[in-house]
Amino acid sequence: MLRLRLAPLRAAAVLAVGFVLLRVVYRVVFGGAGAGAGPLLLNLPQLRLDGPFSHITLLGPITLVGLGNAALSALPVAAVIVFFGLLNAVVNVQALFARGAGRGPLRAISRSLVIAWATFPALLESVRRVRVARALRGERSIASLLVPVFEQTIERALALAASMETRGFAAVRVIPGVCETPVLLADASLDFGADWHLDELNVTLEPGTLTVIVGATGSGKTSLLHSMSGLFQHFYDGTQHGRIDIAGADRALTLPRDTAGFVGLVAQNVRLGFAAESVHDEIGFALAVRNVAPTIVHARVLEVAARLQIVHLVDRSIDQLSAGEASLVAIAAALVNSPILLLVDEPLADLDTAARDRVCTVLGQLAHEAGVCVVIAEHNTREFDVIADAWLQIRRSRVHQLSSAEIQPKLVEIPVPKPADSPSWGRIPASFGSASGRAAAAPGATRSIATMPAKPLASIRRLSVRHRTDLAVDDVSFEVQAGDVIALRGSNGAGKSSLLRAIALPMAADTVIIAGHDVHSLKRRTRRQSVALVPENVDDLLFAITVAEECRRADRRLHLAQSARTGPEHGEPVTAALFAQLLGFDAITDAAHLLERHPRDLSTGERLCLVMAIQLAARPALLLVDEPTRGLDLAARALVSAALLTATDRTSAVLFATHDDDFSRGLATRTLRMEAGRLSSPIEVLS
Amino acid sequence: MTVLTRPRRSIRWTSWILGGGSVLAAAAFAWPFFVGAVPADAQVAVPIVAFALIPALIVALALTLDREMYTAKTVALLGVLSAVGAAVRIAGTGVGGVEAVFVLLILAGRVYGARFGFLLGLLTIAVSSLLWGGFGPWTPFQMFACGWVGAGAGLLPHWPKASPPTEPARSSTAQRWRLRWEIALLAAYGVVAAYAFGLMMNLWFWPFAVGSSTGISYTAGVGPGQNLASFVLYSLVTSTLTWDTVRAITTVVGIALVGPAVLAALRRAKLNPRSEKRSHRL
């Protein structure tokens, strides 16, 4: 409750002094400083006001006693200010509020305050990220900073709300769960209006089994999972037909918060769903909101933590967890009520190999030793080959329940889908693998080669990036030739993203030279004509309310940059046309339905294409793309690889970072490999 | 039928409390003008009563609203938005009068309604005061004034319901006009709110700020007319011409720049506690 902070006291002292001075000024100006018999300091002429203000006289004589009286009269209020400053410096009011969260008549408001408190670090991080993104886009408007930060905040609020809802926040009734049939879907169907539907669902899941939901991105893995958690019906406004029973409770009528006693959920991005400040309170959240006695909560938290072997984390603050630790804490928080059914959404997405193994082992043990019915939505299926008992495969709006033996050959033989409507796809074999073939397809590139044959398009010279004390990129040098499509490969944390960002926004002079320009010395407007980066979090760059508006803004920014050199060329919508082209449409009008949408309603692949279009509109000599395939299924990956090839029409070279071997193999003319901040091997040329 | 009438009746009941509480609070803000009406012996107690009344009313209204807000989505949105508001407020303390926090209060109040706007105002001030260490007797007054700004935005009129769209092209043009009208309305409200906020905050603090024996001092003996004139001059000099004008401009510019996108983001989050409750019963 008590601690010492000097800042509030200092602020209060400044405020108090200011208050006293201000009152003296008031007395001087409004004719009150002439009282007393002391020596006259200054005799200012008196001004009498008119009309309703006739009782007021300005200025007048000033005496020392008068000034002293003014200052003295202000002292009581100044003392109050200092007193409260002292109180703020000593009492930890925030801790008082934290105690009220979850209990008492002000539980909603105190919980809001705790959430607000926990949001600050995320908010700062978000501002930092968006500032980089805004520099990448060449924007400086206030909206380009505030809107993405705000969108991320709302996204966090919704994730948090979903996580609180499934953990029984604000539940009013307690429903007992029946262990025999954790999940029963009978002639059920799900839909989100006209956009998406899943039909003829007939699924029964047994206790003590581990089931994995597989399917393409956007096929509805998460929606199917949430039809079991109840968020689909009661939180995301989806419609359910037919029957879905979860441990005996009718899902259509039972809110997620009322089944928190026997359904546990681990959401996709676990950090967004953390509602407490310490790991202990986070794990115990579902119990605390049910008003369970603190000693019992404590015992239960330790018990669950011991089972997952994370007792050493219990006393930590929630923002001091690594990605793997955060996943385990989220699993522990979902287990605290001993659920019959545990639902897990993409648990492996952000984890490295060691953490993946750990999480898989834990989930396997829960199913096969503790008898929990575990359901996982995941597109990294390889990790679950050994422990999965059954698979739910989503194909063309149907769900197929397959045993482990059935799924194995099927997963292997999935063909690479070919987008029929993509004209650029057909060009791949022709321009594949050789710089000359590609240069023929890209007239801009040919010209630049012809004029300066000896010089490389870009040279990276002794580039280093330091994050606090770690060297993220360590003395990297390489050259890029016109016509190159380079894959930058390496494991998570190798420094790929840091390298790309340092090339796009170099911190030091003479480290990045592109087409004869030192990128460091270029201005924001012209820099993107040399190099443009499509970052991993493409959403950070988007801030308009329709795709069309987003494209118009990009065009306007472009005209501003161009009018400085060649004079204005208004009229044709450059970015929108590029967007349509990248998606494989022949004309803008074919993409009209997408242009009317909110940018955040596009699919992941479409959004990536939108940001690529925005960045390509500036005709950068070198285009950098960070992890273009993250979270994409095969069809979306085909779309993105086609888009990358189309991109070569507008840029001389492309450098993309990926940890996906299959993706880079079919696309790159050269590969750079990165390890612990260094380029580990000399450039290998595929031909 | 019972499903539909029950929430409505409880809303009317809490509306009375909220309205009555606000009137009482307004009276407490305007305490300098009530002093003259009280017997001379009791006049010393008036500011003390006013200072005690405001925090008490905040607790009472917070208790009233707390039950209505007790859903996961509302609590989460209230939490993160008050964090944003507090961050904006603290970031703006160095830049005199550029109080962008009104932009958030007005936009959120507009989308999520008067009650949410009121609570967001309360919490934004509470969180920023906690963080910055600025808690004091002034905090409850700031909370109330900001709460009213948010609540007022929630009470603004809505565009009359358009007939169902026939052509997509025409409906999108209509939608654009509708958005422009809404932004203009909110910006106008922002100007009013910026000045009204300044006046309210001056009102209760004026006797303390100036002290006695100046031309614009609060004088207990004279009529309300002269005190009002003194107050108007004090207000003009201290805030209306300076801070409040800067605040009004900031608010208008802020609403024009980020308004459409923020409104869209808030609406996409679809906070609707009453319909949420209703839908699961039907």
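Two strands pair if DSSP finds at least two bridges between them. Helices (H or I, at least four residues) and strands (E, at least two) are DSSP runs, numbered from the N terminus.

This is a predicted model, in which local features need pLDDT of at least 70, side-chain atom pairs count only at pLDDT 80 or more, and totals for chains, interfaces and linings use all residues. Residues are numbered from 1 along each chain as its sequence is written, while chains are lettered from A and ligands numbered from 1 in the order in which they are written.

| Partner of β21(A) | Bridges | Facing residues |
|---|---|---|
| β20(A), residues 531-534 | four | Val534(A) and Val625(A) |
| β22(A), residues 653-658 | five | Phe656(A) and Val625(A) |

A residue is buried if 20 or more other C-beta atoms lie within 10 Å of its own, exposed if 12 or fewer, and partly exposed in between; C-beta atoms are placed from the backbone. Five of the five residues of β21(A) are buried, so the strand is largely enclosed by the rest of the structure. Leu622(A), Leu624(A) and Asp626(A) point one way, and Leu623(A) and Val625(A) the other.

Helix α6 (residues 221-229) of chain A has nine of nine residues buried, so the rest of the structure largely encloses this helix too. Gly230(A) follows α6(A), with a positive phi near 95°.

Now the chain contacts. Two residues are in contact if their C-beta atoms, placed from the backbone, lie within 7 Å. Here 66 residues of chain A are in contact with 52 residues of chain B. On the side of chain A that touches chain B, α5(A) gives the largest share, 15 residues. That side divides into 44 nonpolar, 12 polar and 10 charged residues. Ala, Val, Leu, Ile, Met, Phe, Trp, Tyr, Cys and Pro count as nonpolar, Asp, Glu, Lys and Arg as charged, and the others, Gly among them, as polar.
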